[in-house]
Amino acid sequence: METVLNVRNLNFYYGNNLALKNINMDIYKNNITAFIGPSGCGKSTFLRTLNRMNDFIENTKVEGEILFEGKNIYSKEIDPVELRRRIGMVFQKPNPFPKTIYENIVYGLRNNGVNKKDILDEVVEKTLKSVALYDEVKDKIYKSALELSGGQQQRLCIARAIAMQPDVVLMDEPTSALDPISTMKIEELLLELKKEYTIIIVTHSMQQAARISDQTAFFLSGEVIEYDRTDKIFENPRDKRTEDYITGRFG
Ligand SMILES: Nc1ncnc2c1ncn2[C@@H]1O[C@H](COP(=O)(O)OP(=O)(O)OP(=O)(O)O)[C@@H](O)[C@H]1O
C-alpha cells in the first residue's frame with residue numbers, strides 16, 4: 001500500500017516534558033487511520049505534529065523526522081503554510097467563522113488570491129455536495145454559518161478543509177460534540193471522502209474507530225503500543241495493554 005506520511009523516531013517535548021516517545025508510523029494513502037488511547041496519552045499532540053500545528057505552541061521541541069512525499073516537514077525548505085494547505089485540519093468543536101456559509105468555504109482560497117466569482121461558486125457547490133450538505137443549505141449559502149446546527153457546522157468545517165484540495169485531512173475528535181445522528185452522517189461522509197483523501201482521526205470512541213477506520217494506533221503515555229489493521233487491533237491484538245484497553249479494563 002502506498003504511504004503518504006512516514007514518521008521516524010519522533011520525540012516531542014513540551015518544555016522538559018517528553019510527550020511523544022520514539023514514534024514510528026507509516027500512514028497509508030486513502031485509508032482512515034484512527035488514534036485511540038486514554039486521555040492525555042498524546043493523540044492530539046501527535047496529530048498536531050503531522051502538519052506543524054504545534055509550531056503555534058511555545059517552548060516545544062521536535063526530534064526525529066516526519067516525511068511527506070519523502071521530504072522532512074520540519075526541514076527549512078518546507079513552507080508550513082503550504083504544508084497545512086496539503087494537510088488540513090478539522091477540530092473537535094465545529095468552529096466556522098462568523099461569516100456566510102459561502103465565505104467560510106472560500107476563505108482559504110481568497111487568502112491564496114483566488115477571487116474569481118465563477119471559480120469560487122463552483123468550489124462552493126462542489127464541496128457542499130461532497131460533504132452532503134448542499135441540499136440542506138443551498139437556499140441559505142449567503143446566510144451566517146452560525147445559523148447551522150452543530151452537525152451541519154462540522155460538515156461545513158470539513159468542506160472548508162477540503163476546498164483547499166488537501167491530500168490529508170487531520171481530525172481531532174470531530175464528532176465528540178455531536179449527537180448520534182450527526183455523528184453517523186459524519187462517519188458516512190468520511191467513508192466517502194477517503195476515496196479522495198487520506199484521513200487521520202483522533203477518537204475517544206472505540207466503536208467509531210472500529211466502524212470506520214482501516215488502521216488503528218493505540219497510544220499510551222506518549223508511546224504507540226500497537227499499530228495495525230483495525231480488525232487485527234480489535235479482534236486479535238498483540239499487546240496485553242491494547243487488549244485491556246479495548247475490552248474496557250482501563251482508560
Ligand atoms: N499546550 C500544551 N502545553 C503543555 N503540555 C501539553 C499541552 N498540550 C498537551 N500537553 C500535555 O501533553 C500530554 C498529551 O496531551 P494530548 O492532549 O496530546 O493527549 P490526548 O491523548 O490527545 O488527550 P485527550 O484524549 O484527553 O484529548 C498530556 O500530558 C498533556 O498534559
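Ile101, Asn104, Ile105 and Tyr107 in helix H3 meet Leu156, Ala159 and Arg160 in helix H6. Here, two residues are in contact if their C-beta atoms, placed from the backbone, lie within 7 Å. The residues of this contact divide into 5 nonpolar, 1 polar and 1 charged. Ala, Val, Leu, Ile, Met, Phe, Trp, Tyr, Cys and Pro count as nonpolar; Asp, Glu, Lys and Arg count as charged; the others, Gly among them, count as polar.

This is a predicted model: local features need pLDDT of at least 70, side-chain atom pairs count only at pLDDT 80 or more, and totals for chains, interfaces and linings use all residues. Residues are numbered from 1 along each chain as its sequence is written.

Two packed helices are described by the angle between their axes and the distance between the axes. H3 covers residues 101-111 and H6 covers residues 150-162. They pack at an angle of about 30°, with their axes 7 Å apart. Axes are lines fitted to C-alpha atoms, for helices over the stretch in contact, and angles run from 0 to 180 degrees between N-to-C directions. The crossing of H3 and H6 is right-handed, meaning that the near helix is turned clockwise from the far one by less than a right angle. Helices (H or I, at least four residues) and strands (E, at least two) are DSSP runs, numbered from the N terminus.

H6 also lies across strands E6 and E7, running at about 170° to E6. Both strands belong to an open sheet of 6 strands. The order is E6-E7-E8-E3-E9-E10, with mixed pairing. Strands pair if DSSP finds at least two bridges between them. E6 (87-90) and E10 (223-229) are the edge strands, and each pairs on one side only. Neighbouring strands are turned by 15° against each other on average, direction ignored.

| Strands | Direction | Bridges | Bridge partners |
|---|---|---|---|
| E7 and E8 | parallel | 5 | leucine 170 and isoleucine 200 |
| E3 and E9 | parallel | 4 | isoleucine 36 and phenylalanine 218 |
| E9 and E10 | antiparallel | 6 | phenylalanine 218 and glutamate 226 |

Now look at E9. 6 of the 6 residues of this strand (residues 215-220) are buried, so E9 is largely enclosed by the rest of the structure. A residue is buried if 20 or more other C-beta atoms lie within 10 Å of its own, exposed if 12 or fewer, and partly exposed in between. Both faces of E9 are covered. Gln215, Ala217 and Phe219 lie on one side, with Thr216, Phe218 and Leu220 on the other. The hairpin of E9 and E10 has 2 residues between the strands, and serine 221 takes a positive phi near 50°.

Proline 166 lies in the loop between H6 and E7. Proline 166 is buried, because 20 other C-beta atoms lie within 10 Å. Not counting residues up to four places away in sequence, proline 166 touches Arg85, Arg86, Ile87, Gly88, Ala161 and Tyr197.
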